[in-house]
Amino acid sequence: MHICHHYLVTMDSSENERVPSIEELCRKIPILSEYCVKLEDSVKRRYLEKIAEVGVDPVTIPDQQFDTECLPPIEAMDLLSYLVLETSFYTKEQFKAYKSLEAYNFLVSGFLTSIQGCIVAGKHIVTGKVRHSQRMNDALISVWILAEKDGTVRSAHCLGCKAGLSESCSHVASVLSYVEAWTRIRGQLACTQVKCSWLLPSFVKDVPYARMRGINLASARKLKADLDKTIDSLSENSEAQATFFTASRRELTVEVPTEAEMDTFYKSLDRSKIKPVALSLMKPYSDQFVSESSSILTIPDLFDNDNLNLSYTDLLKKCFDVEISL
């Protein structure tokens, strides 16, 4: 009897909870972005449900309302909760090794820019742009994140990924990683000290040609380890934290090697099984790169001013005496 009554009450309450239509959700948002309007209905519904919490489409918020220092205090536990427990983008095993994931590669490689936030309806809206990992000339990918003031991640969206990956992709994870690093720096610095964004890796606009000595060949794992070490060593009374990344961004200085050191280096390269192309520019090692076909006589090699004085018959006889074998 009691069980049946409870079942009937449950049915009545579920029937009363009507799912709003897409048109009803749209009416709750004053201005929708062109991106949202063009989404398929199933994806559009989910997008509207997320932004309904703040009543505004993050894409339509003017840049003037954002601030690079207005970011939520997202911590590692918030990353675990959102990326592993909620969206299942990472497994627990992957997240334990998250420093080797693509998201952290984006962070330490300078693939993130314009990370900024604002507060709307009591919640933090964070926007950022992420560069493609392999296509440096493509347009940057826009990402927005919605979080509580305590750092709890409510939702996120990537405008550059397919619908199924838009809530939890490497681009979203990289922006979350940036804010998490910002939070750790913020906790170590006083408000009057250097900005957190100054200590984080700067955005790489392009990849220009440079001398080998001017290129930092450190791996993403090493760069991340250096970043963590710097953040952990920060303190309110320290004066060295502001100079760390300033110094690390300078061109790498390497002493010019001596001629003896270079000769030893070239000999080591020459002894390797695969001949490096650099030796093709260095004497005497360059001789081994010359193809044997270059010894074949060509027209300029056969030219002789004396031949101009020969008769046609004599010139033909001289031509028959020339032997060219391929």
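Visitor: I'm new here. What does the secondary structure come to?

Guide: Keep in mind that the model is predicted. The protein has 14 helices and four strands.

Visitor: And how much of the protein is buried?

Guide: Of its 326 residues, 33% are buried.

Visitor: Now the inside. Which residues touch the most other members of the largest nonpolar core?

Guide: A nonpolar core is a set of buried residues joined through side-chain atoms within 4.5 Å. The largest one here has 30 residues, and those touching the most other members are Leu112, Ile115, Ile145, Val172, Val175 and Leu176. Helices α5, α7 and α8 are among the elements giving two or more residues to this core, and so are strands β1, β2, β3 and β4. The largest share, seven residues, comes from α8.

Visitor: Let's pick one residue. What is Leu176 in contact with, leaving aside its neighbours within four places in sequence?

Guide: Leu176 meets Ile74, Leu79, Tyr82, Leu83, Ile145 and Val153. There's also a second, separate core of 19 residues, with Leu25, Tyr47, Ile125 and Trp144 among them.

Visitor: How do I read a pair of aromatic rings?

Guide: You describe it by the distance of the centres and the angle of the planes. The count here comes to five aromatic pairs. Take Tyr47 and Trp144: their ring centres are 5.7 Å apart and their planes stand at 80°.

Visitor: Why is the pair of Tyr47 and Trp144 called edge-to-face?

Guide: Planes over 60 degrees apart count as edge-to-face, and the planes of Tyr47 and Trp144 are at 80°, so this pair gets that label. The pair links distant parts of the chain, with Tyr47 in helix α4 and Trp144 in strand β3, 97 residues apart.

Visitor: Are Tyr47 and Trp144 buried or exposed?

Guide: Buried means under 20% relative accessible area. Tyr47 has 0%, so Tyr47 is buried. Trp144 has 3% and counts as buried too.

Visitor: What about the surface: which residues make the nonpolar patch?

Guide: Ile299, Leu302, Val322 and Ile324 make a nonpolar surface patch of about 350 Å². Ile299 sits in helix α13, which covers residues 299-302.

Visitor: Why does Ile299 count as exposed?

Guide: The cut-off for exposed is over 50%. Ile299 has 68% relative accessibility, so Ile299 counts as exposed.

Notes
Residues numbered from 1 in each chain as written. Predicted model: local features only at pLDDT ≥ 70, side-chain atom pairs only at ≥ 80, totals over all residues. Heavy atoms only, no water. Patch = residues over 30% accessible without salt bridge, like charges linked within 9 Å, V, L, I, M, F, W, Y side chains within 5 Å. Areas by Shrake-Rupley, 256 points an atom, 1.4 Å probe, with all protein chains shown as cover. Salt bridge = Lys/Arg side-chain N within 4 Å of Asp/Glu carboxyl O. Buried < 20%, exposed > 50% of the residue type's maximum accessible area, 1.4 Å probe, protein only. Phe/Tyr/Trp six-rings, centres within 6.5 Å; stacked < 30°, edge-to-face > 60°. Contact = heavy atoms within 4.5 Å.
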